[in-house]
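Good morning. I have one structure to go through today, and I will keep to what can be read from it. Please have the picture in view before I start.

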Amino acid sequence: MKTYVWTIILLCYCLWCTAQTKYEVTANTFLNIRSYADKEAPVLGTIDKGGKIDVYEINDGWAKIGYDNGYAYVSAQYLKRVEENSTISNPTDSKFHFPLLNLATGNAEWMVYLIAALSVALFFIRKSRGETPLEDGLHTVNWLLFLTTAISELVYLILMGGNAIWFCIPDTVGWLWTIINFLLFGFVVFNQFVCFFNTLEDVEYNSYGSFDKRWGIYSWVGGIIAGIVTGIFFPVAVAFVTIAFIVCQIIQIVLIFKGVVPKGGWTRAFLCVAVYLLGSLSTILILAHFVVLLIIVLIGYFILYIIGESSKRSSKECCANCNHYSNGYCHYHNIQISDSDACNKKCSNYS
């Protein structure tokens, strides 16, 4: 368990150290740039009020910034974080302008809590589902919740863009919440994945029809793999992969209508299509965001494993550099050591 904790901490460290967050100076006139994190440190320069700077990290009230091919420090008391997706020009120019909720500037962080709450509700419905598809009122509540969750996730990702996983950045939420949020994010992704297939099965069952899902599901998997491969090795073929993916999705929609309309009617067919399209798109997108973090976790685990193995090897090579060892004799254990480059069994307990 301790290893996993350190792995997640290393993940946070990687995200924290490599990311630069933009801040705005809020001092009355200007802000001093100092050589190290202390108010008595020499002043290297100044930043005028309203100036923008990139901050690597903030510790004990001091922000670490890049300065003159190195690092310098400014007081974090006079800094205000600038949202990556904030619009400096007239916010009314944004096509996502909703003044009441202030979504135009990308400030949709609050939607994370909405999505989490919806995921918890879907979880409890999923646990009560059993082996058979849901019917009647519970089925209606389930697909309504699922579609609301899917739409909320898509809107959130559109509005937040590259800052969508802000809740897993220590500089934004702190170390403790980064770890907690990473685990909660994993729960949301897994729950979304299972609920997508469950809800799709439920709407198919309640439509009194049936349809083949393989065209849509397999095309997602194949399209992602083919898109990555062609994007790296054959960029010219990306357009063909995209066209093939769209054709497969159209075929899947046709199969849904063909299998549902004769027995369930157009309304149920459109519901099945909505669950499939919105559910698959939102599930793939949040899964992609989580996989990025998961890859960093795996890299961190590998680094910790290498460090652990290295420390094990170094701990065994104690005799040659040990102060208690001289001329083939260990004065600490009062025993003869034949090989000074590595501890033998007699010296394995030495530390």
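This is a predicted model: local features need pLDDT of at least 70, side-chain atom pairs count only at pLDDT 80 or more; totals for chains, interfaces and linings use all residues.

Start with helix α2, residues 111–127. How far apart should its ends be? At 1.5 Å a residue, its 17 residues should span 24 Å, and the end C-alpha atoms are 24 Å apart, so the two agree.

Next, which residues of α2 are buried? They are Met111, Val112, Ile115, Leu118, Ser119, Leu122, Ile125 and Arg126.

Now the cores. The largest nonpolar core has 24 residues, and those with the most contacts inside it are Leu200, Val203, Ile256, Val275 and Tyr276. Helices α2, α3, α5, α6 and α7 each supply at least two residues of this core. The largest share, nine residues, comes from α7. Apart from this core lies another one of 20 residues, among them Ala108, Ile115, Phe185 and Leu293. To see some of the packing, look at valine 203: leaving out residues up to four places away in sequence, valine 203 touches His139, Trp143, Leu271, Cys272 and Val275.

Glutamine 192 lies in helix α5, residues 175–206. Is glutamine 192 buried or exposed? Buried means under 20% relative accessible area. Glutamine 192 has 2% relative accessibility, so it counts as buried. What does its side chain make a polar contact with? The partner is the side chain of threonine 283, at 3.2 Å. Setting aside neighbours within four places in sequence, the residues in contact with glutamine 192 also include Phe146, Glu153 and Ile286.

Last, the aromatic rings. The count comes to 14 aromatic pairs. In one of them, the rings of tryptophan 220 and phenylalanine 245 have centres 4.8 Å apart and planes at 70°, so this pair is edge-to-face. Tryptophan 220 is in α6 and phenylalanine 245 in α7, so the pair ties together parts 25 residues apart in sequence. Tryptophan 220 is buried, with a relative accessible area of 15%. Phenylalanine 257 and phenylalanine 270 are also edge-to-face, because their planes are at 80°, with ring centres 5.1 Å apart. Finally, Trp166, Phe167, Phe182, Phe185 and Phe290 form one aromatic cluster.

Technical notes. Residues are numbered from 1 along each chain as its sequence is written. Side-chain values use heavy atoms; hydrogens and water are left out. Helices (H or I, at least four residues) and strands (E, at least two) are DSSP runs, numbered from the N terminus. Buried means under 20% relative accessible area, exposed over 50%, partly exposed in between (1.4 Å probe, protein chains only). A polar contact is a pair of N or O atoms within 3.5 Å; within protein, one must be able to donate a hydrogen and the other to accept it, and residues adjacent in sequence count only if both atoms are side-chain atoms. Contact means heavy atoms within 4.5 Å. The expected span of a helix is 1.5 Å times one less than its number of residues. A nonpolar core is a set of buried Ala, Val, Leu, Ile, Met, Phe, Trp, Tyr and Cys residues joined through side-chain atoms within 4.5 Å. Rings of Phe, Tyr and Trp (its six-membered ring) pair if their centres lie within 6.5 Å; planes under 30 degrees apart count as stacked, over 60 as edge-to-face and the rest as tilted.
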